[in-house]
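Trainee: Could you take me through one part of this model in some detail, please? I would like to look closely at the sheets and the helices that go with them.

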2 protein chains.
Amino acid sequence: MGQAEVGNKTGRRRGRAARMAARAAPLAEDIRPVRPGLHGGRYRPLLEQEVKRIHRAALDALQQIGLGQAIPSCVDVCTAAGAEIGEDGRLRFPQALVEDVIAKAWRRQPLYGQQEKHDMLPAGDRVYYGTAGAATQVIDLENNNYRDATIRDLYDSARIAETLDNCHFFQRPLTACDIEDSATLDVNTLYASIAGTTKHVGTNFNVPEGAEMGLRFLHRYCGSEEAWRARPFVSNSNCFVVPPMKFAEDACRVLEICVRGGMPVLLLSAGQAGATAPPYLAGAVVQAVAECLAGLCYVNAIKPGAPAIFGTWPFVSDLRTGAMSGGSGEQGLLAAACAQMAQFYDLPGGGASGMCDSKLPDNQAGYEKGINTAVAGLAGLNLVYESIGMHASLLGFCLDSMIIDDDMIGQVLRCVRGIEVTEDSVSLEVIRQVCLEGPGHYLGHEATLSLMQREYVYPVLGDRSSPKEWVEKGKQDLVRRAIARRKEVLANHFPGHVSDRLDVALRRAFPLMLPRSVMRADA
Amino acid sequence: MGQAEVGNKTGRRRGRAARMAARAAPLAEDIRPVRPGLHGGRYRPLLEQEVKRIHRAALDALQQIGLGQAIPSCVDVCTAAGAEIGEDGRLRFPQALVEDVIAKAWRRQPLYGQQEKHDMLPAGDRVYYGTAGAATQVIDLENNNYRDATIRDLYDSARIAETLDNCHFFQRPLTACDIEDSATLDVNTLYASIAGTTKHVGTNFNVPEGAEMGLRFLHRYCGSEEAWRARPFVSNSNCFVVPPMKFAEDACRVLEICVRGGMPVLLLSAGQAGATAPPYLAGAVVQAVAECLAGLCYVNAIKPGAPAIFGTWPFVSDLRTGAMSGGSGEQGLLAAACAQMAQFYDLPGGGASGMCDSKLPDNQAGYEKGINTAVAGLAGLNLVYESIGMHASLLGFCLDSMIIDDDMIGQVLRCVRGIEVTEDSVSLEVIRQVCLEGPGHYLGHEATLSLMQREYVYPVLGDRSSPKEWVEKGKQDLVRRAIARRKEVLANHFPGHVSDRLDVALRRAFPLMLPRSVMRADA
């Protein structure tokens with residue numbers, strides 16, 4: 001046996017023992033291979049002149065076409081700021097006004113979590129993934145069924161989100177069907193979310209009364225209005241526009257309340273290319289940009305510098321049927337292009353990417369989500385909404401899928417992080433040592449050991465065993481393992497940041513429907 | 001009912017009828033939304049100076065470290081060209097030699113199909129997807145099992161590849177276990193592939209005798225050596241290097257035969273980061289680039305300007321176990337970075353992307369493949385090998401997955417194609433018409449109808465129905481539908497480009513094992 005081979009075996013043995021020891025140790029925060037807010041932006045679907053052309057067309061659309069159906073208070077604040085109301089009733093935004101608003105808008109500020117460690121900085125090409133949606137159905141994988149979503153499902157999904165490393169924020173993904181009254185639903189949606197997770201929450205208010213109650217609730221929850229306003233950890237997902245180019249009455253009333261109440265608003269333009277937005281992808285981006293810029297003018301007319309997220313969410317139609325296709329490649333392109341537009345304006349950008357058309361977490365769901373979340377992240381979309389747990393083009397939400405998707409986002413984030421090219425990482429010296437001085441492989445090399453956790457992301461549920469090991473382990477099914485993990489999390493993880501005392505006080509003052517009993521481990 | 005609403009209904013009705021008519025018509029070639037050879041390259045994982053730094057390190061590695069275990073004929077041709085053999089037996093390549101070879105290498109030339117319509121031009125940032133691999137097992141989804149691969153499986157997978165729009169070439173993905181003799185296996189691998197598909201074929205020769213027989217076979221198949229050399233539609237996938245930085249004896253002998261025989265060679269460097277390549281991703285790229293440049297020097301020393309594909313295929317280790325992880329995000333990054341290196345050299349680049357760690361076409365397989373094929377395509381990798389049908393980190397191949405993956409690649413190609421930004425596509429005029437003149441939506445607009453097929457890709461198996469429709473259709477399972485489709489293709493699609501007469505002549509002259517009976521529909 002030659003020298004090299006002896007060195008081989010020793011090196012391999014040492015390497016394996018050392019790897020096993022390192023594997024057993026907990027992963028320190030500073031060496032985590034991926035984290036919230038990594039910089040994307042190395043994928044540029046649009047050329048610079050294309051970005052400017054879209055911008056130019058959006059300005060033209062705002063000045064020439066404007067938006068219809070503005071409510072009187074919207075007309076008042078916007079015309080006071082420089083917008084013009086036409087004889088056709090449309091509110092038009094002159095180019096100078098829009099450019100002025102863009103220049104002075106809120107930017108490069110945090111979106112807060114209840115806990116500081118969950119604060120996000122949606123700016124530049126930083127990337128955060130999270131949930132969102134208004135699914136009225138939840139997928140029951142054990143029975144291969146869709147069923148109506150409940151307020152408890154919402155609380156449970158918030159609790160799962162709290163435990164997922166790669167779910168950076170929690171926007172309410174579902175609409176509870178077991179609460180009828182709109183304002184009551186609004187305050188319960190809010191409470192179920194913020195009681196379930198300490199990450200930043202996005203919520204929805206269906207009616208102005210809900211928004212008002214929600215703000216009162218938050219003042220009480222935080223101890224005071226000042227405390228709430230100091231760190232507003234809830235944003236309002238606001239569909240202020242009914243594409244194409246019309247304001248939505250109720251949502252605008254809610255928007256005014258939220259802006260004045262210090263709540264960041266996600267200005268959500270959700271046209272569907274080929275139905276409520278132009279069928280050309282570029283045109284769908286133009287319309288979404290124009291609508292969101294109108295929203296930005298509106299917000300800044302109410303309160304200059306109020307926090308607002310540039311929520312260009314153009315969706316895709318399957319033009320054969322007119323139905324939405326959330327999992328298509330076209331959807332990924334739209335999200336990526338919108339990310340670039342937000343970066344052009346230096347505004348915090350949010351988009352929808354990662355919902356799928358598939359009804360279940362099958363292979364189709366996997367590739368639809370994988371393609372779309374990768375494309376959005378590489379483009380540097382700041383806030384990737386709908387990226388976790390969503391199915392059936394937003395019609396169904398699946399708690400088990402959240403757990404699978406968290407693994408997926410881990411791999412996507414690894415791509416977003418990119419390749420570090422440094423004197424060390426090009427590895428000339430390591431190659432030289434291994435090739436010229438033995439052992440002829442890198443298994444036991446100190447560089448390998450030191451990089452095992454820092455450079456590589458390992459899935460939690462994802463199975464990397466060989467076919468032989470897979471057989472030995474009983475050919476475990478991913479979906480079954482996700483179900484088991486979901487049950488384990490829900491049985492054991494109760495965040496505990498809402499004290500009994502506070503909960504009781506809140507329940508006295510507000511019509512809260514989530515039983516206190518489900519909020520405890522001993523229930 | 002107001003005017004707008006009347007317009008609405010009429011428009012919608014007209015739109016739906018027109019859409020249904022268009023849908024029924026076959027899709028003309030010139031309006032296909034995606035096609036082979038689309039331009040990628042909008043994703044740049046490496047900065048320009050990082051590309052140069054990797055290049056510099058690769059040159060240093062070639063000059064200072066060199067490659068071990070060169071066979072005498074390799075030493076002879078390479079030293080004659082300017083390489084230096086050291087006292088340590090390593091073959092070193094001076095910078096000037098490498099740069100000269102890069103400058104004069106084969107580039108911007110087609111890789112031929114048997115049919116001209118399948119010719120590829122792997123150059124610049126053009127993207128083609130296909131199969132590859134050496135899996136010894138095939139996945140039997142109906143029985144949830146892995147079983148040994150046979151030569152008939154290879155023929156069948158070639159036939160399936162022939163029918164898939166988004167599978168642009170067929171490199172042999174599996175190793176038939178029912179043929180023992182190496183040279184016999186080689187010629188049978190070749191025949192099973194080229195009899196099954198008229199697309200470009202990549203094949204493997206395990207032994208020099210196999211390569212020699214393979215060339216003789218191709219001369220006979222084409223009618224003459226000249227006919228073969230005029231349009232060499234088969235390339236040799238050649239693992240000429242055993243990373244790190246050592247030549248592989250048998251593969252080098254095969255390489256010399258292929259280069260002299262006019263067969264393009266895929267110079268395949270398949271180091272595994274953390275095992276046979278540096279654990280730093282950048283270092284793994286450096287080593288792969290150095291090894292492929294050495295191979296390029298070798299090929300050009302044998303025959304200047306001989307066709308060679310720059311096959312940087314660095315793989316990823318799961319450093320917890322040392323096993324390969326083909327589905328990881330790190331794998332996507334490596335493929336994308338290598339695409340950039342090939343573009344830097346203006347060489348036809350091939351890499352591995354889209355194999356997965358999952359044993360079955362489940363959700364994990366979907367997201368692993370979706371992420372990896374998207375990342376590679378957006379980076380403009382010319383030839384994306386292993387992108388269709390591959391599982392278990394190359395240990396298992398699945399014919400049914402090919403069909404699912406074809407749908408996936410369709411969506412990825414849609415992303416690669418990108419967004420066209422033109423005067424028409426920004427849609428200002430369309431938005432104006434719809435908003436100011438009615439009907440307030442785009443469903444019936446002529447632009448929508450005309451773009452239905454040109455701008456949007458529709459999946460073949462992928463299910464975009466609503467949950468309600470999904471229930472009504474019996475909750476069809478994607479995998480079951482893929483199995484059914486595979487059976488249908490295999491029962492009905494026999495390419496028929498090999499005449500009975502030629503087949504009989506070939507069988508007389510070569511030890512062909514695939515029964516003629518399985519090559520006919522009436523079998």
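Mentor: Gladly, and let us begin with how the copies are compared: they are superposed by least squares on the C-alpha atoms of residues with pLDDT of at least 70 in both. On that basis, a rotation of 180° with 0.0 Å of shift along its axis brings chain A onto chain B, with an RMSD of 0.0 Å. The two copies are thus related as by a two-fold rotation axis.

Please keep in mind that this is a predicted model, where local features need pLDDT of at least 70, side-chain atom pairs count only at pLDDT 80 or more, and totals for chains, interfaces and linings use all residues. Residues are numbered from 1 along each chain as its sequence is written, while chains are lettered from A and ligands numbered from 1 in the order in which they are written.

Now for the sheets of chain A. Helices (H or I, at least four residues) and strands (E, at least two) are DSSP runs, numbered from the N terminus, and two strands pair if DSSP finds at least two bridges between them. An open sheet of 5 strands has the order β7-β8-β9-β10-β12 in chain A, with parallel pairing. Its edges are β7 (169–171) and β12 (308–312) of chain A; each has a single partner strand, so one side of each lacks a neighbour in the sheet. From one strand to the next, the twist averages 20°. Strand β10 (residues 265–269) of chain A is joined to β12(A) by 5 bridges, and A:V265 sits opposite A:A308.

Helix α6 (residues 182–196) of chain A lies across β7, β8 (200–203) and β9 (234–238) of chain A, at about 160° to β8(A). Here contact means C-beta atoms, placed from the backbone, within 7 Å; axes are lines fitted to C-alpha atoms, for helices over the stretch in contact, and angles run from 0 to 180 degrees between N-to-C directions.

A further open sheet in chain A has 3 strands in the order β11-β13-β14, with mixed pairing. Its edge strands are β11 (272–273) and β14 (323–324) of chain A, each pairing on one side only. Between β11(A) and strand β13 (residues 315–318) of chain A there are 2 bridges in the parallel sense, and A:A273 has A:V316 as its bridge partner in β13(A).

Finally, the axes of helix α11 (residues 329–345) and helix α12 (residues 363–378) of chain A come within 8 Å and cross at roughly 15°. The contact includes A:G329 and A:A335 of α11(A), and A:I371 and A:V375 of α12(A).

Key. Two residues are in contact if their C-beta atoms, placed from the backbone, lie within 7 Å.
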